[in-house]
Amino acid sequence: MKTKQWVYNALVAALYVTVTGVLTPISFGVIQFRVAEIFNHLAVFNKKYIVGVVLGVFISNLFFSQIVLFDLVFGVGHTLFSFGLLAIFSSKQMSLKLRMTINTLSFAIGSFLIAWELYLALEFPFWLSYLSVAIGELVVMGLGVPLMLYINSKLHFSKIMEK
Amino acid sequence: MMEKLIFGRYIPGDSFVHRLDPRTKLLGAISFIVIIFLANNWLTYGVLALFTLLAIYLSGIDRNFFVNGVRPLIWLILFTVVLQVLFTGGETVYVDWGPLVISKEGLINGVYIFVRFILIIFMSTLLTLTTMPLSLTDAIEFLLRPFAAMKMPVHEIALMLSIALRFVPTLMDETEKIMNAQRARGIDFGQGNVFEQMKSIVPLLIPLFVSSFNRAEELATAMEARGYKGGEGRSRYRQLLWTQKDTLVMVSFGLLAVMLYILKA
């Protein structure tokens with residue numbers, strides 16, 4: 001990546017942290033409605049955004065988490081794992097909407113890592129936390145599909161990164 | 001809110017713990033979390049609790065901050081503890097309601113889990129209360145260095161971390177301004193159901209994206225104009241300094257591990 005793309009990603013990370021901080025008081029623990037999760041869809045427009053999103057997750061956990069070290073490892077792990085699923089199950093030929101839907105499902109499925117983290121750190125019941133985190137992801141990222149498509153129609157995320 | 005984003009949960013101070021190298025605190029907290037899983041009886045949990053209390057004492061931070069760190073999670077913790085108590089079978093049964101059993105073993109297990117929660121949260125809180133996020137990222141960058149050999153772009157990651165941390169307060173300010181501007185136009189943030197709330201963030205996100213991308217563009221141009229060419233041979237503004245105190249603390253974590261290994265059942 002070029003210097004400029006690193007800098008763009010740094011600002012995406014800063015934006016993720018800002019949105020996490022401003023918009024959701026309940027972002028950690030079993031109940032997760034983290035609005036910033038809609039940023040995960042940026043990777044669908046251009047995979048170079050992955051770096052920025054992962055960094056955003058990392059810093060948010062560093063700032064706001066009660067069980068910081070667990071969240072750093074598993075939060076970042078969850079994001080990377082889900083992007084891995086996205087890469088495996090989507091292709092460039094698919095429509096943006098379909099790829100974003102796959103992305104939403106990937107994050108919901110991948111949230112078993114968060115459930116596992118909560119089980120390891122605090123012995124929360126695995127399936128219950130899996131269900132609640134996955135629902136949180138489904139709701140936020142699902143609503144994020146039309147939202148990010150609309151914003152993309154104004155801003156053209158992929159072009160910005162490659163400019 | 002602004003302060004929370006500038007400093008994370010950091011509380012300025014000049015105590016023994018505050019002055020430790022961030023690498024020591026990070027490594028210490030990591031090893032504590034590994035060590036805590038060795039504990040399995042009263043003695044080992046007691047030793048860990050004493051160790052944690054000593055660390056908190058040495059940080060000079062009011063204990064209320066630690067209690068507040070537990071508060072958001074307390075109901076979940078209690079819920080988990082109750083589940084553990086009810087579903088852990090045992091020999092000495094006090095109450096028997098079919099599948100729900102309260103036994104001596106279940107109660108003891110519940111207490112152990114409760115103590116483990118509290119200790120993990122206290123230690124994590126201690127780390128974030130006594131170390132600025134910027135220092136922590138320095139420590140993380142240092143620990144990532146060996147991965148540079150595996151072609152991990154460690155310098156670029158560190159660069160992004162510092163740029164991101166630098167711009168969080170700026171974007172925060174901007175968010176406040178945009179929110180106020182949109183409120184003046186009649187948008188309610190944080191009102192209504194999830195759908196309405198998500199819809200209300202569109203007029204917030206678009207200007208935020210535009211202004212962040214503009215900033216990124218300007219910053220990247222400025223960096224390139226000044227001849228920025230990556231990490232080779234760059235010196236650092238903030239230097240990490242490892243002292244004897246840091247060695248001492250790391251040794252004490254080693255001793256703690258040995259002690260727990262000997263004392264565990």
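Accessible areas come from the Shrake-Rupley method with a 1.4 Å probe, and for residues only the protein chains shown count as cover. On that basis chain B has an accessible surface of about 14500 Å², and carbon and sulfur atoms account for 64% of this area.

The structure is a predicted model, in which local features need pLDDT of at least 70 and side-chain atom pairs count only at pLDDT 80 or more, while totals for chains, interfaces and linings use all residues. Residues are numbered from 1 along each chain as its sequence is written, chains are lettered from A and ligands numbered from 1 in the order in which they are written, and side-chain values use heavy atoms, with hydrogens and water left out.

We may begin with chain A. Its secondary structure consists of 8 helices and 0 strands, where helices (H or I, at least four residues) and strands (E, at least two) are DSSP runs numbered from the N terminus. The order along the sequence is α-α-α-α-α-α-α-α. The radius of gyration of chain A is 15 Å, close to the 15 Å that the globule rule gives for 163 residues, so chain A is as compact as a globular protein of that length; this radius is taken over C-alpha atoms, and the rule is 2.2 Å times the number of residues to the power 0.38. A box of roughly 45 × 30 × 25 Å along the principal axes holds the C-alpha atoms of chain A. Of its 163 residues, 67% are buried, a term that means under 20% relative accessible area, with exposed meaning over 50% and partly exposed in between (1.4 Å probe, protein chains only). Among contacts (heavy atoms within 4.5 Å) between residues of chain A at least 6 apart in sequence, 70% join residues at least 24 apart.

Chain B contains 12 helices and 2 strands, arranged from the N terminus as α-α-α-α-α-α-β-β-α-α-α-α-α-α. Its radius of gyration is 24 Å, whereas a compact globule of 265 residues would have one near 18 Å. The C-alpha trace of chain B spans about 75 × 55 × 40 Å along its principal axes. Buried residues make up 45% of the 265 residues in chain B. For chain B contacts between residues at least 6 apart in sequence, 74% join residues at least 24 apart.

The charges come next, with Lys and Arg counted as positive and Asp and Glu as negative, and His and the chain ends not counted. Each charge is placed at NZ of Lys, CZ of Arg, CG of Asp or CD of Glu. In chain A, the centres of the 11 positive and 6 negative side chains lie 23 Å apart. In chain B, the mean positions of the 24 positive and 20 negative charges are 4 Å apart.

A:Gln5 lies in helix H1 (residues 3-23) and is buried, with a relative accessible area of 4%. Beyond its neighbours within four places in sequence, A:Gln5 contacts A:Lys48, A:Met161 and A:Glu162. A:Ser106 belongs to helix H5 (residues 96-110) of chain A and is likewise buried, at 3% relative accessible area. With residues up to four places away in sequence not counted, A:Ser106 touches A:Ser82, A:Leu85 and A:Leu86. The C-alpha atoms of A:Ser106 and A:Ser82 are 5.0 Å apart in space, although 24 residues separate the two in sequence.

Helix H6 (residues 112-122) of chain A has several buried residues, including A:Leu113, A:Ile114 and A:Glu117. Their cover includes helix H4 (68-89), H5 and helix H7 (126-155) of chain A, together with helix H6 (74-87) and H7 of chain B. Just after H6 of chain A, A:Glu123 takes a positive phi of about 55°.

Over all chains, the whole structure holds 20 aromatic pairs. Rings of Phe, Tyr and Trp (its six-membered ring) pair if their centres lie within 6.5 Å; planes under 30 degrees apart count as stacked, over 60 as edge-to-face and the rest as tilted. B:Tyr45 and B:Tyr112 form a stacked pair, 4.9 Å centre to centre with 25° between the planes. This pair links distant parts of the chain, with B:Tyr45 in helix H4 (residues 42-59) and B:Tyr112 in helix H7 (residues 104-130) of chain B, 67 residues apart. B:Tyr45 is buried at 5% relative accessible area, and B:Tyr112 also counts as buried, at 13%. Ring pairs also join A:Tyr8, A:Tyr16, A:Phe39, A:Phe45, A:Tyr49, A:Phe157, B:Phe209 and B:Phe213 into a cluster.
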